[in-house]
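Please look through the sequence and the model shown here before reading on.

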Amino acid sequence: MKFPCPQCGGEILLQEAGGFPVCPFCAAGLVLDLGGVRPHLLYRPRHASTDILPLLRRWCDQQGLPAPSIVSVPRLVYYPFWRYVSAGPPRLIPAWSTLKPRWADLKIPEAEQAFFDPALVARAEVVEATLPEAAARERAGPESGAKPGDLLHVPFFEVGVKVGTATVPASVEACSGQVYVDALPRAAAAAGAGPAVRLVMGALLMLVEAALLPRAWVALPVVFVTAWLTYLAIRGGLENPSP
Ligand SMILES: [Zn+2]
């Protein structure tokens with residue numbers, strides 16, 4: 001089987017109808033499936049594993065979550081995506097079988113790209129592409145344009161993160177530092193005093209005021225004002241629950 005290299009146009013001769021050939025003329029990493037031959041690229045990581053904790057801290061801060069801690073040894077994993085470039089920003093469709101929500105809406109990182117070369121990912125794990133390009137293009141919908149996608153491996157640090165009392169698996173994208181989780185950890189630990197706590201505190205305050213202010217004409221208005229403030233605090237807590 002012969003086909004032209006999408007990079008240099010040289011004619012490549014292959015025995016098999018699939019796999020990851022390398023162009024003998026320009027050394028481009030390629031991917032071959034029923035849809036044809038496409039470039040096979042990777043993004044080079046810009047962050048080291050020492051950046052993971054600061055990145056997670058910044059993310060927790062933005063989400064209003066308590067400070068995180070790392071509870072597992074981070075692993076660098078390259079995940080495969082079909083990349084579609086049309087009028088809008090490029091879209092990434094997972095090229096392996098996954099239902100985890102964290103991969104559904106990936107922002108494409110600004111990163112240096114290179115042709116996929118096993119030597120570049122020697123010390124990392126690589127998830128193999130198993131979803132055919134045609135299936136990904138169907139999933140991408142009409143906005144993917146008519147052009148077939150490129151196969152792109154994107155590096156992520158996989159790490160267990162403890163936030164408050166919850167432990168969640170997180171994927172820290174190693175080019176932009178963007179953090180992805182399947183679901184936000186519950187923010188119970190970060191939330192302020194709930195309505196019930198406010199009610200109890202207000203009632204206690206009123207009791208103390210009534211006990212300390214013996215004259216009724218002084219105590220009554222003070223207790224009344226405290227009751228009103230407690231009511232406002234509870235109502236505010238119900239209308240604006242903590243995230
Ligand atoms: Zn070539």
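Is S4 largely enclosed by the rest of the structure or largely open? Seven of the eight residues of strand S4 are buried, so the strand is largely enclosed by the rest of the structure; a residue is called buried if 20 or more other C-beta atoms lie within 10 Å of its own, exposed if 12 or fewer, and partly exposed in between, with C-beta atoms placed from the backbone. This is a predicted model, in which local features need pLDDT of at least 70 and side-chain atom pairs count only at pLDDT 80 or more, while totals for chains, interfaces and linings use all residues. Residues are numbered from 1 along each chain as its sequence is written.

The chain has four helices and twelve strands, where helices (H or I, at least four residues) and strands (E, at least two) are DSSP runs numbered from the N terminus. Of its 243 residues, 25% count as buried. Residues 24 or more positions apart account for 62% of the chain's contacts with a separation of 6 or more, a contact being two residues whose C-beta atoms, placed from the backbone, lie within 7 Å.

The partners of S4 can be taken in turn, with strands counted as paired if DSSP finds at least two bridges between them. S3 and S4 run antiparallel and are joined by four bridges, with Val31 having Arg38 as its bridge partner in S4, and a hairpin connects S3 to S4 through two residues. With S10, S4 pairs in the parallel sense over three bridges, and the partner of Leu42 in S10 is His153. Three bridges also join S4 to strand S8 (residues 113-115), and these two run antiparallel; here Leu41 has Phe115 as its bridge partner in S8.

Helix H1 has twelve residues and reaches 16 Å from its first C-alpha to its last, close to the 16 Å expected at 1.5 Å a residue, the expected span being 1.5 Å times one less than the number of residues. Its residues Ile52, Leu55, Leu56, Trp59 and Cys60 are buried. Seen down the axis of H1, the buried residues fall within an arc of 135°, so they line one face of the helix; the arc is that of the directions from the helix axis to the C-beta atoms. The buried residues of H1 pack against S5 (68-70), S10, S11 and S12 (179-181), whereas the face turned away from the buried side carries the exposed residues Pro54, Arg58, Asp61 and Gln62. H1 is followed by Gly64, whose phi is positive, near 70°.

Val161 lies in strand S10 and counts as buried, with 24 C-beta neighbours inside 10 Å. Leaving aside neighbours within four places in sequence, Val161 is in contact with residues including Leu56, Ile70, Val71 and Val168. Val161 and Val71 are 90 residues apart in sequence, yet 5.7 Å apart in space, C-alpha to C-alpha.

The largest nonpolar core has 39 residues, and those with the most contacts inside it include Leu56, Phe81, Trp82 and Leu151; such a core is a set of buried Ala, Val, Leu, Ile, Met, Phe, Trp, Tyr and Cys residues joined through C-beta atoms within 7 Å. Among the elements that give two or more residues to this core are S4 (36-43), H1 (52-63) and S10 (150-163), and S10 gives the most, with eight residues.
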